[in-house]
Number of protein chains: 2
Amino acid sequence: MKLLLASTSSIHGHSYLSYFKDAWTSHFKDIHGPVVFIPYARPGGLSLKKYTQIAAAAFNSQGIELRGIQTFDNPQQAVENAGGFFCGGGNTFVLLKTLLENKTYEHIDRSVREGKPYMGSSAGSNIAGKTIGTTNDMPIVYPPKFDSFNWVPFNINPHYIDGKANTTHKGETRQTRIQEFHEFNETPVLGLREGSWIESDGIKHVLKGELSARIFQPNNDPIEIPNGILRL
Amino acid sequence: MKLLLASTSSIHGHSYLSYFKDAWTSHFKDIHGPVVFIPYARPGGLSLKKYTQIAAAAFNSQGIELRGIQTFDNPQQAVENAGGFFCGGGNTFVLLKTLLENKTYEHIDRSVREGKPYMGSSAGSNIAGKTIGTTNDMPIVYPPKFDSFNWVPFNINPHYIDGKANTTHKGETRQTRIQEFHEFNETPVLGLREGSWIESDGIKHVLKGELSARIFQPNNDPIEIPNGILRL
């Protein structure tokens with residue numbers, strides 16, 4: 001497999017996808033066919049068309065063709081024509097439900113496992129893990145299951161953010177939420193900060209970007225790991 | 001029905017349940033039998049027993065008997081003996097899944113609809129709404145459905161917090177998340193700030209506490225409403 005899984009599509013003060021432009025232009029080098037964009041997560045309720053236009057503008061500026069999956073006659077045709085896939089962020093529940101219900105899920109799964117490059121950001125990275133059980137999103141729709149692609153043997157928590165020491169708000173910190181996850185699940189969780197991404201072939205996982213990431217395992221204290229190869 | 005639905009169990013600088021003590025001691029006045037505590041949401045993975053001890057300490061200090069639902073032989077017996085119910089906060093997915101799977105759900109539903117007083121905080125308030133689709137919690141387990149008690153004809157977003165103007169973090173604000181909910185759902189959503197609670201008979205809903213709340217309706221701008229009777 002050839003995976004690029006980013007915590008976020010943009011970081012503060014930088015335009016859409018620009019902060020890791022070198023990584024994704026290299027990721028999609030020498031592909032045959034357009035990058036097929038999966039806009040189903042619909043951030044802010046954005047239409048599939050408008051969301052695709054935003055992604056296309058970023059890819060086209062680097063000389064890479066991008067086409068929305070909704071413009072093909074069916075998922076099989078989209079996958080056959082795809083040089084690779086980019087799945088954008090938004091709501092993870094909406095994304096997974098849509099993929100499963102319109103049967104795109106199984107086609108993309110097979111194609112990525114056969115080697116076509118896949119890039120995700122935020123919700124699009126979340127679904128590459130074992131389940132969507134560590135998404136930050138609101139459960140605005142009910143998907144048929146929480147299990148996801150399991151291309152990497154851990155769960156991702158995108159937009160990972162450290163708890164604030166001085167807050168008066170009683171909502172749980174991100175770390176507390178992930179530790180609650182481990183009361184009920186064994187899967188390791190990677191807290192991926194904005195500005196970080198993972199490159200993986202499914203076996204070797206490399207943390208890229210300038211920041212460290214935080215690994216949570218059941219019955220262990222979380223550990224901070226620098227960028228480089230992840231031991232998970 | 002006789003409902004008291006709080007955004008949170010405690011506010012900054014105040015001990016557990018103390019900030020609305022007058023409200024809940026009045027809510028449970030003249031009941032026959034103990035308040036039956038539902039600890040299934042298990043905040044921070046706390047055991048049912050330890051969580052019940054915390055709730056019992058607060059209730060006993062006001063001369064009210066409280067007993068964990070897990071100490072009864074079965075849900076039917078618990079509900080028959082209950083003078084009322086208090087469902088504590090924690091993880092809403094864990095709470096709803098447990099209630100549905102051990103069949104406590106239908107017994108409590110009937111008993112509350114027949115008039116026994118119910119108090120919820122956070123997750124315990126969330127499940128009083130139409131669905132759990134506006135919880136802030138992480139989906140750490142997969143419940144059989146997201147539909148909940150529907151005792152009030154709207155959804156609650158507890159721990160409601162306003163977006164921060166100066167943040168550099170790219171995660172969605174609470175308002176954006178609720179507006180995404182309305183791309184897929186018609187149910188009104190009440191953003192209930194910490195320190196606020198609702199008292200309701202199922203028809204008339206009164207916002208209590210010193211803060212305003214925020215009402216979200218599909219296709220409308222959100223509105224701030226002062227405490228008092230809610231028009232929903």
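User: Where is His159(B) placed, and how do you know that this is a strand?

Analyst: His159(B) sits in strand S6 of chain B, residues 155-160; helices (H or I, at least four residues) and strands (E, at least two) are DSSP runs numbered from the N terminus. This is a predicted model, where local features need pLDDT of at least 70 and side-chain atom pairs need 80 or more, while totals for chains, interfaces and linings use all residues. Residues count from 1 along each chain as written, chains are lettered from A and ligands numbered from 1 in written order, and side-chain values use heavy atoms, without hydrogens or water.

User: Why is His159(B) called buried?

Analyst: Its relative accessibility is 8%, and buried means under 20% relative accessible area (exposed is over 50%, partly exposed in between; 1.4 Å probe, protein chains only). So His159(B) counts as buried.

User: What makes the phi of His159(B) worth a look?

Analyst: It's positive, near 55 degrees, in a residue other than glycine. Most residues other than glycine have a negative phi. Arg42(B) also has a positive phi, near 40 degrees, but Arg42(B) is in the loop between strand S2 (35-38) and helix H2 (48-60) of chain B.

User: How do you know that Thr104(B) is buried, and what is it in contact with?

Analyst: Its relative accessible area is 1%, so Thr104(B) goes down as buried. It belongs to helix H5 of chain B, residues 104-113. Leaving aside neighbours within four places in sequence, Thr104(B) is in contact (heavy atoms within 4.5 Å) with Tyr40(B), Ile69(B), Pro75(B) and Leu99(B).

User: Why is the Glu224(A) and Arg193(A) pair called a salt bridge?

Analyst: The closest N and O atoms are 2.9 Å apart, and the rule asks for a side-chain nitrogen of Lys or Arg within 4 Å of a carboxyl oxygen of Asp or Glu, so the pair passes. The pair joins distant parts of the chain, 31 residues apart: Glu224(A) is in strand S11 (223-225) and Arg193(A) in strand S7 (189-193). Arg193(A) is buried at 11%, whereas Glu224(A) is partly exposed at 35%.

User: What makes up the side of chain A that touches chain B?

Analyst: Helix H4 (92-101), strand S6 (155-160) and helix H7 (174-184) of chain A each supply at least two residues, and H7(A) gives the largest share, seven residues. Each chain brings 45 residues to the contact.
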